[in-house]
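Colleague: I am new to this structure. Could you take me through it?

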Amino acid sequence: MTTVELYLDLLSQPCRAVYLFAKKTNIPFHFRLVDLMKGEQLNAKFTKVNLLQKVPALKDGDFTLAESVAILLYLICKFKIPDHWYPREPQKRAQVDEFLAWQHSTIRRHTSQLFWLKVMTPLFVGQQVPPEKMEAASLEMSTTLQQLEKKFLQDKPFIVGEEISLADLVAFTELIQPVESGVDIFANRPKLLAWRERVEASLGKELVKEAHETLHKMKTLKTQNMDPQVVEYMKSKALSISSGRF
């Protein structure tokens, strides 16, 4: 069976989605670490794999591919994957597609914003974000979570019915990001919390824990040990996000 190369840093939510999917479905792959905190996504070697200089990326022989959703769908096409991940039934598949199209500018945007405000800005700028900025970001996140519950999850065990799909996997990896930074977005949301527990059980708690080890280590990261150019790059990005240019 062909073995693909996956270029990942498990600090990244989309990278964790690809990693969890590949591990859970027993896809043969080589893990190629691209350390974001060392700026390895910007070097010439990785740029040959992905001109966009972002992770995740995939290499299959001479073929390369960027963007996590595209990578997930490619893996489903290439390998024999259980149908529930991306159902063949047209309406169920369309529901997965609908969620994947929606989440990028909603869930992903707001969870990333919370993480940068709570963790990355203090780390790279050296000061906490004003409380009103955190409150505004939390309010936006709350609106998105209401939409997730009412529009997509409803009263189903999973987003597309009785079994886990790519929609649940992508949502889960995004929503855990702010939780790990100390923002409990599942508080007072019993339906969403129960869904999270079902997703974790479906993926396997040990695998979920393994995939999040890199994120845990962010709490002990020090900029003194990092390349000054990378620190300046991250500082610029943090200032941009904290000023609302996200």
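**Helix and strand content**

Modeller: Over residues 89–221 the chain is 73% helix and 0% strand, with the end C-alpha atoms 46 Å apart. Helices (H or I, at least four residues) and strands (E, at least two) are DSSP runs numbered from the N terminus. This is a predicted model, in which local features need pLDDT of at least 70, side-chain atom pairs count only at pLDDT 80 or more, and totals for chains, interfaces and linings use all residues. Residues are numbered from 1 along each chain as its sequence is written, and side-chain values use heavy atoms, with hydrogens and water left out.

Colleague: Which feature does UniProt place at residues 89–221?

Modeller: The name comes from an unreviewed UniProt entry. Such annotations may be inferred rather than shown by experiment; positions are given in the numbering used here, and feature names are shortened. For residues 89–221 the record gives "domain: GST C-terminal".

Colleague: Is threonine 144 buried or exposed?

Modeller: Threonine 144 sits in helix H6, residues 131–153. Buried means under 20% relative accessible area, exposed over 50%, and partly exposed in between (1.4 Å probe, protein chains only). Threonine 144 has a relative accessible area of 2%, so this residue is buried.

Colleague: Which residues does threonine 144 touch, not counting those up to four places away in sequence?

Modeller: A contact means heavy atoms within 4.5 Å. With residues up to four places away in sequence left out, threonine 144 touches Trp102, Thr106, Ile107 and His110.

Colleague: What share of the protein's 246 residues counts as buried?

Modeller: The protein has 11 helices and 4 strands. Of its 246 residues, the share that counts as buried is 51%.
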